[in-house]
Amino acid sequence: MRLHLLALLAKEPAHGYELKQALEQTFGSAYPSPNIGQIYVTLGRLEKDGLVRAVDVEQSNRPNKKVYYLTTKGREVLMTWVDEPTEGPRVRDEFFMKLVLAPLTGIADRMALINRQRRHYLSLMGDLNDLLSRTEPGDNVAVLLIEGAMLHLQADLDWLERCQEDLT
Amino acid sequence: MSPVLKTVHLVKIYSDGAVPVPAVRGVDLQVEPGEFVAIMGPSGSGKSSLVHMLGGLDTRTSGEIWLDGRRVDTLSESAWALLRRKKIGFVFQFFNLVANMTVADNVELPALLAGASPKEARERRESLLGALNLTERADAAPGQLSGGEQQRVALARALANQPSVLLADEPTGNLDSRNTRDVLRLLSDVHKQGQTIIMVTHDARVASLADRLVSLFDGEIVDDGRIARRRTGTAGEVIDLR
């Protein structure tokens, strides 16, 4: 989340709650609502690393709030992040480990594992379908996020089929 | 409740080549009225052969097929064809619309063949095209429509005779994401209205609409069970941005 916050602060200085709102507004309903505590912890670490600077702003009848600014060093780190290609997803799949290892112990049958997993994936896909139908069609960011999750899940199902062909 | 469709040890062996190729090897399947069954499995697992036999588009080698309580695999080809017009709707990956007939006529034809009066057929066509937002395309030729629109017309046609069973073989196999969404919505709607659906698909989005998943492997059913409907939680459970 560090770099996401830096990117938002590059636009304008903000306090923690504003950053939470900005994330929610940008990513829409598909984004798992960020935890405010986690945002403050991350901001604290960014400050310690010199990537952001906090300024206390006085408020009438309320405790001071901290407004965070991006530092020059923070901007450099952000630029590096933007300029680099992003790592692709790594295949490190918990189910695959189970599929390969569990039958060796004699406690599980691969066909049964695959069949159960397939139904589980379809049930997850049902959730994504529901989520998509509850999302405003004009909310492009949210729609694309959900479609991305669907395409990944489809790939997992296709892979499951390959496992079934070659491992059972 | 009696099953709308039932097979008993259904077998299909293709004997055209030098070596007989078994495609379906003893399938026992029972589908209740109103059920939505997705059939999945690797290519060559017998999915298409199975639904083609269920729809009478291919003959069985041995075993039994029962439709609405009547044994159909022993019917003559013409008797089966008559029954099929009344009881079965079929959607394929490629739309197979009649090119030189309008959209409206494509949809009315199956109802007329099934014995509906011209008035009934027209009303049914109007309501189906309306539900699919295709009313304005009624007088167009299929060739003037986009792939997604053609598949919606194919679906309307398959539903025109109010079939006991809607059979579908990769209905979204050829569609982009947006058109898949339209087809999904319609399948979901007709299923809610009680339409029995049996569908072969690789598309997990479509399969996830089903109540039940049948997995085929080497011509046999290796899994048959319900797809759990969870109470949808928050996005955080399915999407992780890190």
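**Reading the interface and the cores**

Guide: Across the interface of chain A and chain B in this predicted model, 11 residue pairs are found in polar contact, both partners being at pLDDT 80 or more.

Visitor: Which elements give two or more residues to the side of chain A that touches chain B?

Guide: They are helix H6 (110-133) and H7 of chain A, and H6(A) gives the most, with 16 residues. By class, that side of chain A has 18 nonpolar, 10 polar and eight charged residues.

Visitor: How much area do chain A and chain B bury between them?

Guide: About 2800 Å² is buried, with 61% of it on carbon and sulfur atoms. On the chain A side, A:Arg119, A:Leu122 and A:Asp127 lose the most area to chain B, together 22% of what that side buries.

Visitor: Which residues touch the most other members of the largest nonpolar core?

Guide: Among its 65 residues these are A:Leu122, A:Leu128, B:Leu166 and B:Leu187, while helix H7 (residues 140-167) of chain A supplies the largest share of this core, 10 residues. Apart from this core lies another, of 27 residues, including B:Ala23, B:Val27, B:Val37 and B:Ile198.

Definitions and conventions. Residues are numbered from 1 along each chain as its sequence is written. Chains are lettered from A and ligands numbered from 1 in the order in which they are written. This is a predicted model: local features need pLDDT of at least 70, side-chain atom pairs count only at pLDDT 80 or more; totals for chains, interfaces and linings use all residues. Side-chain values use heavy atoms; hydrogens and water are left out. A nonpolar core is a set of buried Ala, Val, Leu, Ile, Met, Phe, Trp, Tyr and Cys residues joined through side-chain atoms within 4.5 Å. Buried means under 20% relative accessible area, exposed over 50%, partly exposed in between (1.4 Å probe, protein chains only). Helices (H or I, at least four residues) and strands (E, at least two) are DSSP runs, numbered from the N terminus. Buried area is the accessible area (1.4 Å probe) that two parts lose on being put together, summed over both. A polar contact is a pair of N or O atoms within 3.5 Å; within protein, one must be able to donate a hydrogen and the other to accept it, and residues adjacent in sequence count only if both atoms are side-chain atoms. Ala, Val, Leu, Ile, Met, Phe, Trp, Tyr, Cys and Pro count as nonpolar, Asp, Glu, Lys and Arg as charged, and the others, Gly among them, as polar.
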